[in-house]
Each structure stands twice: as structure tokens, then as C-alpha cells.
Amino acid sequence: MVLETWTRVDRYIENLFSPADPVLDATLEASRQAGFPTMEVTPNQGKLLSILARSIQAKSILEIGSLGGYSTIWLGRSLAPGGKMLTLEVDPTHAAVTRANLKRAGLDGVVELKLGLALDTLPGLVEEGQGLFDLVFIDADKPRCAEYFSWALKLTHPGSLIITDNVVRNVAVSDPNNRDPNVQGVRRFNEALAAEPRVVATAVQTVGSKGYDGFAIAVVTS
Ligand code: SAH
Ligand code: DHB
Ligand code: MG
């Protein structure tokens with residue numbers, strides 16, 4: 001009943017602000033054909049990511065967790081002219097579908113995908129002197145969120161945004177006794193984010209077609 005209401009309003013907002021887009025629709029269709037779980041950000045959330053990237057004129061974006069490249073396309077399209085994006089993905093099938101979806105979107109020259117465990121790839125980015133990234137979107141396995149945030153801090157500069165998906169997970173996150181490793185991972189991340197002196201951060205609750213969840217949004221200050 002409640003989800004039904006949220007979904008109806010989500011569709012209303014979507015129809016107004018993010019009307020059907022053949023490339024994004026084909027991206028979702030390819031991910032469903034491949035049997036991927038429905039874990040993409042919603043269209044309205046994709047639009048929010050786009051606005052955040054555009055508001056800082058992001059020229060370099062890092063994403064952790066590509067799935068089929070849906071959020072990747074929202075962010076890749078929002079890069080300032082000449083900008084580049086890197087997305088990290090561990091699953092070879094997800095990576096292959098993402099690459100095909102990026103090609104269809106005309107972003108294959110702009111977005112690079114690195115295949116592997118993000119915790120294996122991230123140290124290399126620091127060693128290579130890659131970055132620094134203007135925006136990092138953390139959206140992979142939840143138990144390691146706090147580790148990804150530590151790496152994001154090494155790979156960003158004052159003014160960068162670090163955005164993390166799925167930090168509410170229904171009401172579960174407010175329960176310190178919840179034993180789900182995803183919930184525990186998100187709680188550990190939220191606590192690390194709140195305690196981190198180098199960022200100003202908050203978490204925003206969201207409701208919509210994907211249920212009740214939220215984003216953490218942080219700006220790096222030093
Ligand atoms: N950002 C996407 C959704 C990502 S779903 C969107 O909104 O469209 C989470 C993705 O993270 C999955 O594709 C999963 O394979 C990937 N993932 C999980 N653990 C990972 C790890 N350790 N390293 C890199 N990617 C990982
Ligand atoms: C899950 C992961 C996500 O990134 C998401 O946006 C929704 C659900 C999950 O692991 O269930
Ligand atoms: Mg997510």
C-alpha cells in the first residue's frame with residue numbers, strides 16, 4: 001500500500017523530469033535479459049546523481065559497482081566536457097553487459113571499466129597517481145562500504161563529493177542489534193562517515209519505486 005503510493009509519485013516525478021530515454025531503457029532491458037537483480041538506482045535517483053555531478057562540474061568520476069552500467073550512464077553523461085569516468089566491477093558478466101551498454105550510450109571512449117575486486121583495484125589507482133576524482137559513487141558490496149570510503153578519501157580533493165547508496169535499507173539500519181552483514185556494514189560506514197573530520201556529511205532518506213532507502217552525501221573539506 002505504502003510502496004504503491006511511493007511508486008505512483010515516483011512515476012509522476014519521473015514522467016515530468018526524466019521521461020523515457022531509449023538508451024537508458026535499453027540498458028535496463030539488457031540487464032533484465034541477462035538476469036541481473038534489480039539493484040540499479042531509480043531514474044529519479046539517477047537524475048539526482050546527475051545534478052550533483054553537474055553542480056560541481058565534475059571532470060573525473062569514480063564508481064564502485066557497475067552492475068549493467070545504469071548509474072554509470074547517468075554519471076558519465078553528466079561529466080564536464082573532456083571529463084573521464086572509471087567504474088569498478090568484480091563480476092565478468094556484469095562487466096560485459098556494462099561495456100555493451102556504455103557503447104550503446106556512446107560513452108565507451110569516456111568511461112573505463114576495471115574488472116576485479118574493488119579492494120584489489122583501488123590501491124593501484126593511488127599508486128598510479130590516478131585521480132584525484134571530483135566525485136565518487138560507492139554502490140558495491142555493503143559489508144565493505146567503510147573500506148571503500150577510506151579509499152575514496154585517498155582519491156579525492158577538497159570540494160569532491162562522496163556519495164554512497166543504500167545507507168538506510170528500510171528501517172534496518174537504525175537497529176544496532178541487526179545481524180545482517182549488509183546492515184552491519186552500512187552502520188559501520190555511517191559511523192565512520194560521521195566521525196571523519198575531513199568531510200561534511202549527512203544521510204538522506206529516500207522512498208520510491210525501489211522502496212525505502214537512502215544516500216549518504218559527503219563533501220571533502222580537507
Ligand atoms: N551502481 C549500479 C548498481 C550496482 S549493484 C546502478 O545503480 O546502476 C552492485 C554491483 O557491485 C554489482 O554489479 C556487483 O557485482 C558489484 N560488486 C560487488 N562486490 C564487488 C567488489 N568487491 N568489487 C567490485 N564490484 C563489486
Ligand atoms: C542491493 C544493493 C544495491 O546497490 C541496491 O541499490 C539495492 C539492493 C542489495 O544488495 O540488495
Ligand atoms: Mg545501490
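Entry 1: Grid points are joined across faces, edges and corners, and a volume is the space filled by probe spheres set on the points. My count came to one cavity of 30 Å³ or more. Its lining includes Gln-45, Asp-165, Thr-206 and Tyr-212. β6 (199-208) and β7 (211-220) are the elements that give two or more residues to this lining; strands here are DSSP runs of E with at least two residues, helices are H or I with at least four, numbered from the N terminus.

**Entry 2: ground rules.** The model is predicted, so local features need pLDDT of at least 70 and side-chain atom pairs 80 or more, while totals for chains, interfaces and linings use all residues. Residues are numbered from 1 along each chain as its sequence is written, chains are lettered from A and ligands numbered from 1 in the order written, and side-chain values use heavy atoms, without hydrogens or water.

**Entry 3: the largest pocket.** Next I looked at open space, a pocket being an open set with protein on both sides within 12 Å along at least five of seven lines. The largest one has about 520 Å³. Of its 29 lining residues, Met-39, Gly-65, Asp-139, Ala-140 and Asp-141 are closest to the centre. α4 (70-76) and β2 (84-89) each supply at least two residues of the lining.

**Entry 4: ligand 1.** What takes up the space of the largest pocket? Ligand 1 does, on the rule that more than half of its atoms lie within 2 Å of the grid points. Around ligand 1 I found 21 residues, with Gly-65, Ser-71, Glu-89, His-94 and Asp-139 coming nearest; a residue is near if one of its heavy atoms lies within 4 Å.

I then checked polar contacts (N or O atoms within 3.5 Å). A polar side-chain atom of His-94 is 2.7 Å from a ligand 1 oxygen, and one of Ser-71 is 2.8 Å from a ligand 1 nitrogen. Leu-67 uses a polar backbone atom, 3.2 Å from an oxygen of ligand 1. The protein covers 92% of the 590 Å² of accessible area that ligand 1 has on its own (Shrake-Rupley, 1.4 Å probe).

**Entry 5: the second pocket.** The second largest pocket has about 350 Å³. Glu-14, Leu-28, Thr-42, Pro-43 and Tyr-70 are closest to its centre.

Conventions
Polar contact = N/O pair within 3.5 Å; in protein donor to acceptor, adjacent residues only side chain to side chain. 1 Å grid on protein atoms, 1.4 Å probe; cavity = no way out; pocket = protein on both sides within 12 Å on 5 of 7 lines; lining within 4 Å.
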